[in-house]
Amino acid sequence: MIQHLIVLPVVLPLVAGILLLYQRQGLVHYKRAVSVIATLLLLVVSIALVRQAASGEITFYALGDWQPPFGVVLVLDRLSALMVLLTSLLAVGAVVFACGGDDEKGSNFHGLFQWQLLGINGAFLTGDLFNLFVFFEVLLLASYALLLHGGGKARIQSSVHYVVLNLAGSSLFLIAVGILYGATGTLNMADMGYKLASLPAEREGLVTAGALMLLVVFGLKAAILPLYFWLPRAYAAAPAPVAALFAIMTKVGIYAILRVYSLIFGEQAGGLVALEQPWVWWLALATLAAAGVGVMAARDLRLLVAYLVLISVGTLLAGVGMRSAEATSALLYYLIHTTLVTGGLFLLAEMIGLQRGKPGTRIVKGRPLVQGNALAITFFIGAIAVVGMPPLSGALGKAMVLVAAEGTQRVWLWPLLLLASLASLIALSRAGSTLFWRSHRGSPSGSPLSRYQWFGMLWLLSAAPLLVAFAGPVSSYTQATGEQLANPQQLIETLLPDAGETP
């Protein structure tokens, strides 16, 4: 059974999604039970995979027993195990929150939710470039439908932009895969990186073109400037549990950049990894600056949180652009923090909007809230965490990223990241004072929130103190992950035992 653990993060949501979509009408309790149980089982499997990967051993699962590089493989190393665990932690909070009533706004929520987990987990585990494209399409198809869950003009408008841009990205992805396959004769990422070391000079132009096209695709997924304009409105319009799950979507693009540009185009392939470094670095800084302006301009709480996601994207991609094991370790710690905390803030924004009634999540005056004190305290904690103030994990994560910067990198990163954090602090302070302190007199508005909603939100926001309490083992794991990622030869030799021979 141990050797089959790697495939379970793909099989579990696949089977659960089939069971849930088969029963499309009615049976609300059945759907909730299947979805929650499947997600909890996924969490248990993810923890087991992290324990297995923590030893440093890289393992793979050959589907149909077709060995690499000819068959489809799922690869487990420290990075893929960490991302699958992070996805399952986020999914537990989102699916439990949805059981508070959001799932009843459409008939297929839980089935689509599970299939989106299928696509996300598959993207993190696949060792094949074409199947990375396939899993991207699975998660995008599910996200198209989830974005429209519950209907509404704002969601339809946002979904049009989201769908069109991602379809264009998918087309570009497929073209890039075809170019790289034509140049190397393989789709296995480890084999592709191995063969690029002896690539004929006349094919280097094709490979360079394919590598840069992939950077555009992954930059669109990660929402890097100038490819981020679809994100704020889409995330703000999405149902709260969907927006919370979408917090991992930008991280799929960041993961793809880390994986592809270290494994395929790394130093063992002749240093083609240098192609994306300056692009990612400068565009990450531009994303930080633009997102800081967006945070200050936001007049809706959900839109504000969406721009906070973009600030985290800029911070993470700046870490990618530094290209060092220390920077990778820092960005992975910060990635865990920002994914869970921003996911929790999307849920919290929805809870505040439900209690405010007609004003919703707009940052305007309204009547006092029935559970205003509890919501205000939670908002204060979440704001401190996401801004990066001590003593919560945001401060530690941003400090690690700042310390990882070297030489002239500090001249650019330090002021931009600190100014973006200051902009976030000002915007959240203004929002909190308007929502909770500057309320009109009158009787409290809203009805008490569901215990499912409270659990889902607190599950995610509790990451902020827990990541500080367990900072030692978490940072040790991310440091080992950064070192493993910087040594792609280990993965290549695991999948291709004959890699020491001339291809």
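Contact here means heavy atoms within 4.5 Å. The model shown is predicted.

**View 1**
Threonine 328 is found in helix H14. Setting aside neighbours within four places in sequence, threonine 328 is in contact with Gly482 and Leu485. Its relative accessibility is 9%, so threonine 328 counts as buried. Helix H14 covers residues 325–356.

**View 2. The largest nonpolar core and its most connected members.**
The largest nonpolar core holds 185 residues. Leu129, Phe218 and Leu413 touch the most other members. Helix H14 gives the most to this core, with 17 residues. Nonpolar side chains tend to be buried together in soluble globular proteins.

**View 3. The surroundings of phenylalanine 218.**
Phenylalanine 218 is one of the residues that touch the most other members of the largest nonpolar core. Residues up to four places away in sequence are not counted here.

**View 4. Threonine 250 in helix H11.**
Helix H11 spans residues 249–263, and threonine 250 has its place there. Is threonine 250 buried or exposed? Its relative accessibility is 0%, so threonine 250 counts as buried. Not counting residues up to four places away in sequence, threonine 250 touches Lys221, Ala222, Ala223, Leu231, Tyr235, Val309 and Val313. A C-alpha distance of 10.0 Å separates threonine 250 from tyrosine 228. Those two residues are 22 residues apart along the chain.

**View 5. Isoleucine 254, also in helix H11.**
Isoleucine 254 lies in helix H11. With 0% relative accessibility, isoleucine 254 counts as buried. Its contacts, leaving aside neighbours within four places in sequence, are Ala222, Leu316, Leu317, Val320 and Leu335. From isoleucine 254 to leucine 49 the C-alpha distance is 21 Å. In sequence, isoleucine 254 and leucine 49 are 205 residues apart.

**View 6. The packing of helix H13 with helix H17.**
Helix H13 runs over residues 301–322 and helix H17 over residues 408–437. Their axes come within 11 Å and cross at roughly 165°. H13 and H17 are therefore roughly antiparallel to each other, since angles over 145 degrees count as such. H13 passes H17 in a left-handed crossing. On the H13 side, the contact is made by Leu301, Leu304, Leu308, Ile311, Thr315, Ala318 and Met322. H17 brings Gln409, Leu413, Leu417, Ala420, Ser424, Ala427, Leu428, Ala431 and Leu435. By class, the contact of H13 with H17 has 13 nonpolar residues, 3 polar and no charged. Leu413 of H17 takes part in this contact, and Leu413 is also among the core residues that touch the most other members.

**View 7. The packing of helix H15 with helix H18.**
Helix H15 covers residues 372–387, and helix H18 covers residues 451–461. At what angle do the axes of H15 and H18 cross? They cross at roughly 25° and come within 11 Å. That makes H15 roughly parallel to H18, because angles under 35 degrees fall in that class. H15 passes H18 in a left-handed crossing. Ala374, Leu375, Thr378 and Gly382 in H15 meet Trp454, Met457, Leu458 and Leu461 in H18. The residues of this contact divide into 6 nonpolar, 2 polar and no charged.

**View 8. The loop between helix H8 and helix H9.**
Helix H8 covers 204–222 and helix H9 covers 231–237. Proline 226 is found in the loop between them. The peptide bond from leucine 225 to proline 226 is cis, with omega near 5°. Alanine 223 is found in this loop between H8 and H9. Alanine 223 has a positive phi of about 70°, although it is not a glycine. Its relative accessible area is 0%, so alanine 223 is buried. Alanine 223 is also one of the residues that threonine 250 touches.

**View 9. Arginine 323 between helix H13 and helix H14.**
The loop between H13 and H14 is the place of arginine 323. Arginine 323 is not a glycine, yet it has a positive phi of about 55°. With 28% relative accessibility, arginine 323 counts as partly exposed.

**View 10. A cis bond between two prolines.**
The peptide bond from proline 68 to proline 69 is cis, with omega near 10°. Proline 69 lies in the loop between strand S1 (59–62) and strand S2 (73–76).

How values were computed. Residues are numbered from 1 along each chain as its sequence is written. This is a predicted model: local features need pLDDT of at least 70, side-chain atom pairs count only at pLDDT 80 or more; totals for chains, interfaces and linings use all residues. Side-chain values use heavy atoms; hydrogens and water are left out. A nonpolar core is a set of buried Ala, Val, Leu, Ile, Met, Phe, Trp, Tyr and Cys residues joined through side-chain atoms within 4.5 Å. Buried means under 20% relative accessible area, exposed over 50%, partly exposed in between (1.4 Å probe, protein chains only). Helices (H or I, at least four residues) and strands (E, at least two) are DSSP runs, numbered from the N terminus. Axes are lines fitted to C-alpha atoms, for helices over the stretch in contact, and angles run from 0 to 180 degrees between N-to-C directions. Angles under 35 degrees count as roughly parallel, over 145 as roughly antiparallel, 65 to 115 as roughly perpendicular and the rest as oblique. A crossing is left-handed if the near helix is turned anticlockwise from the far one by less than a right angle, and right-handed if clockwise. Ala, Val, Leu, Ile, Met, Phe, Trp, Tyr, Cys and Pro count as nonpolar, Asp, Glu, Lys and Arg as charged, and the others, Gly among them, as polar.
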